[in-house]
Amino acid sequence: MNILVINCGSSSLKYQLIDMEGENLLAKGLVERIGIEGSRIKHRTTGKEEVVIQKPLKNHKDAMKLVLDSLIDKKYGAIKSLKEINATGHRIVHGGEKFAFSVKIDAQVMKTLNDCIDLAPLHNPPNIIGIEACRELMPDIPMVGVFDTAFHQTMPEANYIYALPYELYKKYKIRKYGFHGTSHKYVSMRASQLVGKDIKNLKIVTCHLGNGASVCAVDGGKSVDTSMGFTPLDGLAMGTRSGSVDPAIIPFLMEKEKLSAEDVNELLNKKSGVLGISGISSDFRDLESAASDGNKRAKLALDVFNNRVKKYIGAYAALMGGIDVLVFTAGIGENSSEIRYEICKGLEFLGIKMDKEKNQVRGKDALISQEDSKVKVFVISTNEELMIARETKELI
């Protein structure tokens, strides 16, 4: 079974074609600048050279057609015919409370996705456009929606309800939803494989650390709490996002700086985080380099980030009544040995003992804790596309 995994952004489209017989990647690529001058596709079939094609793309339908043409191209394609694609799996950011699991996409699902646009106005519309483009170009191929929020629908009510008037939850569904669920699910399952134990018997904390970052408490294979909230702005300090702040700061800034609600939203989402603290960059590699050269604000930004992650690990260990496995994943989690070390430093009382030598690893699955560490600490390369393909295969 060949499954095409689609991840649509507002002006981009990422894709992978995976042969599920052996979970082998056949091809992958990225379409950029959809609807913008200079649109192009970067396509690579496994075992062949990457090709870059520049072509005007008015919309996601044009982009999807270019993807399909690339997949069946005689010179650089991966398959001979679109009939070799058995299903498509779509990453969808927000499923609200409606979707606790992946679903086959039909008319009713599409209606519900449109109903969820208010909860994710920047993300759900391009996801929906991508689905509609696939439906038009491949009407006979079944489609599955895999939601970033679905994994977290197992959170107990006490962990997702905000201390606001309950009527606002009932009226507007204001609650914690959490994100990065597909990644947290994949790495927690992979961790259980690596320790050789049933995930139902494990208490795992997973740290998805990238420009957007979140921590998740996985108890017995189920998400019981996570750091992101109603939106991806909550929780950790991130690349450009503030993470959790005192809510009273918002009206204070609006009055003092004469800011509109839109201005504050821009400030908290795009001008804050480690970029705001450091004044240098949202890229953690730049911050580590600057900090090593003595830049105090860059070091402060890293310290704030590391401390937030550390606090969530401790909080989730308390919430679950213990911790058996700690996982680092995503761009920073997989590649920065220094950040991993700083986060784990001081957590020996929880049974976390980092092995400095084993920790010198980048971008591959590895055990990085000492042999006598009560808590097993892993670096695991996340694979959201494979997780989406697995969920799609299971439903189809």
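## Ground rules

Buried means under 20% relative accessible area, exposed means over 50%, and partly exposed is what sits in between (1.4 Å probe, protein chains only). What you're looking at is a predicted model, where local features need pLDDT of at least 70, side-chain atom pairs count only at pLDDT 80 or more, and totals for chains, interfaces and linings use all residues. Residues are numbered from 1 along each chain as its sequence is written, and side-chain values use heavy atoms, with hydrogens and water left out.

## Salt bridges across the chain

Searching the whole structure turns up 16 salt bridges, each being a side-chain nitrogen of Lys or Arg within 4 Å of a carboxyl oxygen of Asp or Glu. One of them pairs E391 with K185, with the closest N and O atoms 2.6 Å apart. E391 lies in helix 14 (residues 384-395) and K185 in helix 6, so this pair ties together parts that are 206 residues apart in sequence. Helices here are DSSP runs (H or I, at least four residues), as are strands (E, at least two), numbered from the N terminus. E391 counts as buried at 13% relative accessibility, while K185 is partly exposed at 25%.

K173 and E97 also meet through their side chains, at 3.3 Å from N to O. K173 sits in the loop between helix 5 (166-172) and helix 6 (181-195), and E97 in the loop between strand 6 (87-92) and strand 7 (103-104), 76 residues apart. K173 is partly exposed at 31%, and E97 is partly exposed at 28%.

K111 is partly exposed, at 49% relative accessible area.
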